Amino acid sequence: MKSRWFAMAVSFLMVATAPGIVAAEVIAEFTGTEVDSYPGMAGDGWADAWTPVVTRGNLTAAVVESGDDLGSGNYLDIALTPTSATQTGAASVSRRYYDGIELAQPHAIEFKYRIDEDITGSGSTFATSNDRYQLFDTASDRTTANATCSWIVGVYATGAKDAGYISEAMIGHWVVFDGTNGSDFVAANQVDTTLVAQPGVVYDFKITIDPDSRTYSAWISDGTATFSQGGLGWRTTAASVAGRVQFGCIGDTLADTRAWSMDAIKITQVPEPSMLALLAALGAAGALATGKKG
Ligand SMILES: [Ca+2]
Ligand SMILES: [Ca+2]
């Protein structure tokens, strides 16, 4: 009895840890290698280099070397200044992951992110519906979110409340989108994390995609306070995620400067809940069979 359970557990673990099922990791740490710099190049699970997307603006993106401000060595420092006095400027950096990550299977996207602009001070230019930070997945390289997004995380200004994008309580907070797979970008489809987006604070993110239910979970921490919620609906009607990580922003005047730092991007396949349950059941059965507790 004991040996049969042992053999089953061993064979199951061999399957579970086989290449392509659990093992893959796609990473951006800005270490300076050909693949892992900025803009970098295709390789190590990335389909291409980082793609800067800019509309009416100057985008600067530079690797800060040997800095440890975000807690993970080199990091990427980004800023946008609009170049039109009459129209909105916008920019993002975008990269597609594909190799080793099954987009149709659950996977997690982790990263560190810090806003480097005073968005709350009395002289702040972060004020209108066209001032925002937005992190998301879409079907094409874009500056900001649209209807093809699966997950969306953002920080919005007072004007976004007036435009109906967020509620008043969400102004200046981290906000996550909770759509209905074809839903509008309106306050009713947003969730207030209650985490204030504080300049200079490093936030850790973990977005976990569940393609079966076309939902995602969001976990955000400032090192002390944590937001965590699952079952967040995608915005897109698509059956699968696009497989992009995109970090974008908008500014609406020449006086605006959006600025942020980012690092430690890690995309991993995660075991399906059914697989975890099976592993747990095997572990419990194995413990019973060997007469051990715990
Ligand atoms: Ca790094
Ligand atoms: Ca502005």
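Author: Two strands are said to pair if DSSP finds at least two bridges between them. The model discussed here is predicted. Strand 3 (residues 57-64) and strand 4 pair in the antiparallel sense over eight bridges, and within this pair Val 63 stands opposite Leu 76 of strand 4.

Reader: Why is strand 4 called mostly covered?

Author: A residue is buried if 20 or more other C-beta atoms lie within 10 Å of its own. In strand 4 (residues 75-82), six of the eight residues are buried.

Reader: Which strands form the open sheet, and in what order?

Author: The open sheet has seven strands in the order 2-5-14-7-8-9-10, with antiparallel pairing. Strand 2 (51-55) and strand 10 (190-196) are called edge strands because each pairs on one side only. From one strand to the next, the twist averages 15°.

Reader: How do you know that strand 8 and strand 9 pair?

Author: Three bridges join strand 8 (residues 152-156) and strand 9 (residues 173-177) in the antiparallel sense, and at least two are needed, so they count as a pair. Val 153 has Val 176 in strand 9 as its bridge partner.

Reader: What makes the largest nonpolar core a core, and which residues have the most contacts inside it?

Author: A core of this kind is a set of buried nonpolar residues, from a list that includes Val, Trp and Tyr, joined through C-beta atoms within 7 Å. The largest one has 64 residues, and Trp 151, Val 153 and Tyr 156 have the most contacts inside it. Strand 15 gives the most to this core, with five residues.

Reader: Which residues does Tyr 156 touch?

Author: Leaving aside residues up to four places away in sequence, Tyr 156 touches Arg 132, Tyr 165, Ile 166, Met 170, Ile 171 and Val 175.

Reader: Why is Ala 264 called buried?

Author: Ala 264 has 20 other C-beta atoms within 10 Å. The cut-off is 20 or more, so the residue counts as buried. Ala 264 lies in strand 15 and has a positive phi of about 55° although it is not a glycine. Most residues other than glycine have a negative phi.

Reader: What makes Asn 181 partly exposed?

Author: Asn 181 has 15 C-beta neighbours inside 10 Å. Exposed residues have 12 or fewer and buried ones 20 or more, so this value falls in between. Asn 181 is placed in the loop between strand 9 and strand 10; its phi is near 55°, a positive value in a residue other than glycine.

Reader: Where is there a cis peptide bond?

Author: Such a bond joins Tyr 38 and Pro 39, where omega is about 0°. Pro 39 is in the loop between strand 1 (25-28) and strand 2. Most peptide bonds are trans.

Reader: How do you know that strand 12 and strand 13 pair?

Author: Strand 12 (residues 215-221) and strand 13 (residues 226-233) share six bridges in the antiparallel sense, and at least two are required, so the strands are a pair. Thr 215 stands opposite Gly 233 in strand 13. Four residues lie between the strands of this hairpin, in which Gly 223 takes a positive phi near 100°.

Terms used:
Residues are numbered from 1 along each chain as its sequence is written. Chains are lettered from A and ligands numbered from 1 in the order in which they are written. This is a predicted model: local features need pLDDT of at least 70, side-chain atom pairs count only at pLDDT 80 or more; totals for chains, interfaces and linings use all residues. Helices (H or I, at least four residues) and strands (E, at least two) are DSSP runs, numbered from the N terminus. Axes are lines fitted to C-alpha atoms, for helices over the stretch in contact, and angles run from 0 to 180 degrees between N-to-C directions. Two residues are in contact if their C-beta atoms, placed from the backbone, lie within 7 Å.
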